[in-house]
Amino acid sequence: MKRDSRGSITYWNQWISYKEKHIPEMWGVLRQTGGDEGYAPQYAFEIVRKHYELALQRYSRGDAVGDFKLLFSGLLDAWEESERLGEHVWTEEQRYMRHSWAVNLDHYIVCFWLTGLALMLEIPDDQWQRLVALIGNEGEDALLDRVIAFRQPERKIGEVLCFPKAYQGLLNVVSAPVDQRPSKLQSYVGRWFVSLKNAGSSSFPPAHRTPYWWNFCANEELGMKGAYFGCWCIEAVTVATVFDIDDAVCLDHPNYPGDLRKDNRCPRYPDPEPSLPPPLPPALKPQGWLSRLLGK
């Protein structure tokens with residue numbers, strides 16, 4: 001059964017199948033010669049995005065969490081290829097805007113998600129080292145650096161929080177006395193989605209102040225055209241895992257992906273039965289010879 005109450009199994013099957021077929025096709029396009037060299041690095045990173053969205057779609061559908069580990073190899077290959085292609089294409093300003101957490105809310109969130117997935121899936125050490133090298137930004141954030149330091153103890157911890165509107169509450173969970181952490185985590189999860197709207201600095205272009213996927217969650221009609229991959233607070237379950245917080249009070253929340261920490265703990269939802277059309281009112285039932293012809 002599904003972990004996400006939204007979307008039918010048909011929806012999840014359709015778009016998971018699409019991504020599984022589309023990722024190899026994208027690699028084929030990327031390897032063709034004569035393309036737009038300026039766009040190639042971004043196109044390679046779109047392959048990265050397809051990988052983590054596919055993992056979250058499969059989580060939403062109800063797949064076994066351990067299977068997602070297989071996606072990390074292709075994801076890392078695509079990210080490294082994006083960096084290689086961009087080395088002689090990006091200006092210093094473009095490189096900074098793409099990589100710095102402080103000026104790129106989407107990038108910060110993706111790095112948090114991938115760090116969390118890597119920790120909870122316990123990816124091999126060689127993959128972990130590749131991921132940390134790609135993430136970079138050591139010493140830039142008071143929360144995400146602490147999370148990475150769980151497996152990279154020598155990592156320098158930042159002194160400031162890049163996006164306090166969205167993440168101060170989660171940092172407060174970490175800083176709270178141990179016995180208060182579960183309730184503070186529950187409160188954070190309850191406010192998480194709303195806190196992300198306009199979490200980026202007012203100096204950011206308006207389109208970049210809120211995560212790119214936020215509207216796909218907020219507007220079901222928009223998201224269910226294929227863009228919706230679930231609405232999961234991976235940051236919260238990552239913190240619960242790293243700091244060994246009892247998250248039982250969060251498991252019923254529709255945005256809390258507790259099964260990433262340990263499978264089969266969160267609610268599952270059956271696919272709704274297709275509704276039968278209402279019976280015809282008596283005045284509209286076939287009469288006379290038409291009734292006999294139709295076997296009525």
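The side chains of R268 and D263 meet in a salt bridge, with N and O 4.0 Å apart; the term stands for a side-chain nitrogen of Lys or Arg within 4 Å of a carboxyl oxygen of Asp or Glu. Through shared partners, salt bridges tie R3, D259, D263 and R268 into one network. The model is a predicted one, in which local features need pLDDT of at least 70 and side-chain atom pairs count only at pLDDT 80 or more, while totals for chains, interfaces and linings use all residues. Residues are numbered from 1 along each chain as its sequence is written, and side-chain values use heavy atoms, with hydrogens and water left out.

Side chains of opposite charge can pair when their charged atoms come close. Helices here are DSSP runs (H or I, at least four residues), numbered from the N terminus.

How exposed are these partners, given that buried means under 20% relative accessible area, exposed over 50% and partly exposed in between (1.4 Å probe, protein chains only)? R3 is buried, at 4%, whereas D263 is partly exposed, at 27%. R268 also counts as partly exposed, with a relative accessibility of 24%. Elsewhere, D63 forms a salt bridge with R58, the closest N and O atoms being 3.2 Å apart, and both D63 and R58 are buried. The count for the structure comes to 19 salt bridges.

The next topic is empty space. Rolling a probe the size of a water molecule over the atoms shows where empty space is left. On a 1 Å grid over the protein atoms alone, a cavity is a set of points where a 1.4 Å probe fits but cannot get out; a pocket is an open set with protein on both sides within 12 Å along at least five of seven lines, and lining residues have an atom within 4 Å of a point. Grid points are joined across faces, edges and corners, and a volume is the space filled by probe spheres set on the points.

The largest pocket has a volume of about 620 Å³. It is lined by 24 residues, of which Q42, R98, N104, D106 and H107 are the closest to its centre. Helix 2 (40-61), helix 3 (71-86), helix 4 (92-99) and helix 5 (105-121) each give two or more residues to this lining, and helix 2 gives the most, with five. By class, the lining has 11 nonpolar, eight polar and five charged residues; Ala, Val, Leu, Ile, Met, Phe, Trp, Tyr, Cys and Pro count as nonpolar, Asp, Glu, Lys and Arg as charged, and the others, Gly among them, as polar.

The second largest pocket holds about 390 Å³ of space. Its lining has 19 residues, with L30, Q32, D36, E37 and A40 the closest to the centre. Helix 1 (9-31), helix 2 and helix 3 each supply two or more of the lining residues, and the largest share, four residues, comes from helix 1.

The structure also holds one cavity of 30 Å³ or more. The largest cavity contains about 70 Å³ of space, and its lining includes H51, Y52, F68 and L114. Helix 2, helix 3 and helix 5 each contribute two or more residues to it. The lining of this cavity has nine nonpolar residues, one polar and no charged ones.
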